[in-house]
Amino acid sequence: MATHCPYCALQCGMTLREEADSVSVLPRDFPTNRGGLCQKGWTSTELLGHPDRLTSPLLRDPASGELRPASWDAALDRITSGIRDVQEQHGRDAVAVFGGGGLTNEKAYALGRFARVALGTRHIDYNGRFCMSSAAAAGMRAFGVDRGLPFPLSDLGRADTLLLVGANPAETMPPLMRWLTEQRERGGKLIVVDPRVTATARQADLHLQPLPGTDLAVANALLHVALTEGYVDGEYIATRTTGFTAVKRTVAGWWPARAEALSGVPVADLAETARALGTAGRAIILTARGAEQHAKGVDTVTGFVNLALALGLPGRPGSGYGCLTGQGNGQGGREHGQKADQLPGYRRIDDLEARAHVARVWGVPADELPGPGVPAYQLLDSLGTEAGPRALLVFGSNPVVSAPRAARVEGRLRDLDLLVVADFLLSETAALADVVLPTAQWAEEDGTMTNLEGRVLRRRALRPPPADVRTDLAILAALTTRLQTQGRAPSYRLVHSKGPLLTAGTPSDEADAADPHAVFAELRRASAGGIADYAGISWDRIDATDGVFWPCPDDEGPDSPRLFTDRFATADGLARFHPVEHRPAAEEVCADYPLHFTTGRVLAQYQSGTQTRRVAALRRAAPEAFVELHPDLAERLGVADGEPVRVRSRRGEFQAPARLSPGIRPDTVFAPFHWGGRARANSVTNDAVDPISGMPEFKICAVRVEKA
Ligand code: SF4
């Protein structure tokens, strides 16, 4: 059966086959992975029959404090009575929902509708906020649309110059490297900006190794050189953009020597990079988490967008700006309503027309829809406080490991009156819950995902879930029915795109609400006319092709693999420049905390590790966390390779063995964030957030390192 990998945004094509006592994986020749898979994809079916898998609901026993198996009726009753109690005492916003970037489009949509209609709360956000929200905000303000790549992945292979900023695809999405190999085999130049000599940086023709948190200075200096050397495209700027004069003024102050003094990137390398981009026939600039996960992430991405616009790249085949999305459905997850300020179709929740449209589809009065909530970290940090939500429902996320300043978030979760977690494994967050609901896995349910190119794909069910396990959609449908019976939620009005309005509140409504195909039909109507318009995308159409790119407003009309060819998605069709200035990290090094700390991923693990830490081959390949140190720093600290070290910041500490590497700056230490407990890197990360995107500053804080 043809489907896609459950993990990252590349969504590699694969074929699953039932064997006697297992499910085998075969790579599929799909346009994103061209027959390649990484180790995570190869081993992805191991969790289907894993002994740790949750196979019945769990309820916390008040006497013993332990989680005990329970019936679905008992679990759902506990949840709905908990919601009722909390909302009666503290109001509707006292219940919050936290989603995940791995949920299908159908689930993301249903979760948004559940929060706004069934619970009537404004509080919903998702872990995708921690992934690419800074690039999303920068893309919206420059281009009027946020789609990770506004062109097909195959364009990467055609670029003469490719600039990767804060991206390490050789470890995070290895099959993507095939496009980079093709690019270099065609004579193209690969330039990587990263504070570490990563597996990707090792393959680059030029590696710029800035101090963490100084990418924006590098971007402004590159545009400064492009201007002084005459590489900017005056005609493109005049006819396709607005606002360049202010940017020109700002970057005038970023002469290369100044940027070198701040970032450590040599003037000659800045000049070579600007020249390679400015003289290329086709050039692409890509950013990822290294540039984005900062309290100035939106401005940093904007700096590189400004550079791309000044060089006239966006909209030209083989050229442009893009962001490499991280999570499997980070893109679709926010397009359809998991984000605090968005309704389906990438509509703004504070836009009256958008509210009216979505309310019509949902069959509720527009003025009953709640207003915008708050971004993920702000939401998590308010849990259990006087003004914050008292109950939280988590679907497909593990903030105890993945949130910044994680010990504080863990404390907030413990303060809740009710914590419900729907997951298929007992994650660190689920282990704190009052109720745990066992959910189906990716190969046990149908749905759609939207990959890093904005390509909508089909996920297919190979087999049904185990007997006492339900899909997220079935859980949301059952909860809605129970809330309706208590008179706490409006009746269903699930509307098929071509069918009749269903009778409200009947069992068939619950069955339809649990049916991903019916939910997708409603999603199409809800997204129609929005920025992310899926109205013309049907499962049949996806099945007949290699996926359908949004926007796609008509059944018969074309989809949109390439955006911006003749206009941008702004009111006047012009892209917007925004002047952006470098500013220091939210926390700078000092005598007590003299080192920069940065986090990232490793090849054999994924996100909070709930899944990949349980896969035998991946555990063998990456069994534990580590702290990467330059040998000179290690010598100063008296630390040997493999020796346990303690990393401390103002917010907490974690421990892991030292790993010495000459590929990291001597003033910087790195650790992967896939582990919990004593090895939790997010115990020390900074919860300062970007004022526009709400993205926390995962990528830089001040620490000290000592022998443990
Ligand atoms: Fe799965 Fe991403 Fe690996 Fe492809 S690159 S196999 S989508 S984890």
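Please keep in mind that the model is predicted.

Let us begin with the overall division. The domain assignment gives domain 1 as residues 2-47, domain 3 as 152-321 and domain 4 as 595-707. Domain 2 is assigned in two segments, 58-130 and 329-549.

Now turn to the place where domain 3 meets domain 4. The C-alpha centres of these two domains are 26 Å apart, and their contact draws on 22 residues of domain 3 and 23 residues of domain 4. About 1,800 Å² of area is buried between domain 3 and domain 4, with carbon and sulfur atoms giving 58% of it. On the domain 3 side, the residues that lose the most area to domain 4 are Arg 196, Gln 293 and Ala 295, which together make up 34% of what that side buries.

Side chains of opposite charge can pair when their charged atoms come close. Here Arg 196 forms a salt bridge with Glu 628, and the closest N and O atoms are 3.0 Å apart. The rule finds one salt bridge across the interface of domain 3 and domain 4. Polar contacts across this interface come to 12 residue pairs, counted with both residues at pLDDT 80 or more. Which helices of domain 3 each supply at least two residues to the side that touches domain 4? They are helix H5 (169-172), helix H12 (289-292) and helix H13 (297-310). Sorted by class, that side of domain 3 has nine nonpolar, eight polar and five charged residues.

Next come the strands, starting with E28 (residues 701-707). Strand E23 (residues 595-600) runs antiparallel to E28, and three bridges join the two.

Elsewhere, three strands make an open sheet in the order E19-E20-E21, paired antiparallel. Its edge strands are E19 (447-450) and E21 (548-549), each of which pairs on one side only. Strand E20 (residues 455-459) pairs with E21 over two bridges in the antiparallel sense, and Val 456 stands opposite Val 548 in E21.

Trp 550 and Pro 551 are joined by a cis peptide bond, with omega about -5 degrees. Pro 551 sits in the loop between E21 and strand E22 (575-576). Tyr 346 is found in the loop between strand E14 (342-343) and strand E15 (347-348).

To finish, zoom out to the charged pairs. How many salt bridges does a search of the whole structure find? The search finds 46. Among them is the one between Asp 472 and Lys 107, with the closest N and O atoms 2.8 Å apart. This pair links distant parts of the chain, 365 residues apart: Asp 472 belongs to helix H19 (residues 472-485) and Lys 107 to helix H3 (residues 105-119).

How values were computed: Residues numbered from 1 in each chain as written. Predicted model: local features only at pLDDT ≥ 70, side-chain atom pairs only at ≥ 80, totals over all residues. Heavy atoms only, no water. Domains from an automatic or database assignment. Contact = heavy atoms within 4.5 Å. Buried area = accessible area lost by both parts, 1.4 Å probe. Salt bridge = Lys/Arg side-chain N within 4 Å of Asp/Glu carboxyl O. Polar contact = N/O pair within 3.5 Å; in protein donor to acceptor, adjacent residues only side chain to side chain. Helix = DSSP H or I, 4+ residues; strand = E, 2+ residues; numbered from the N terminus. Nonpolar A, V, L, I, M, F, W, Y, C, P; charged D, E, K, R; others polar. Pairing = 2+ DSSP bridges.
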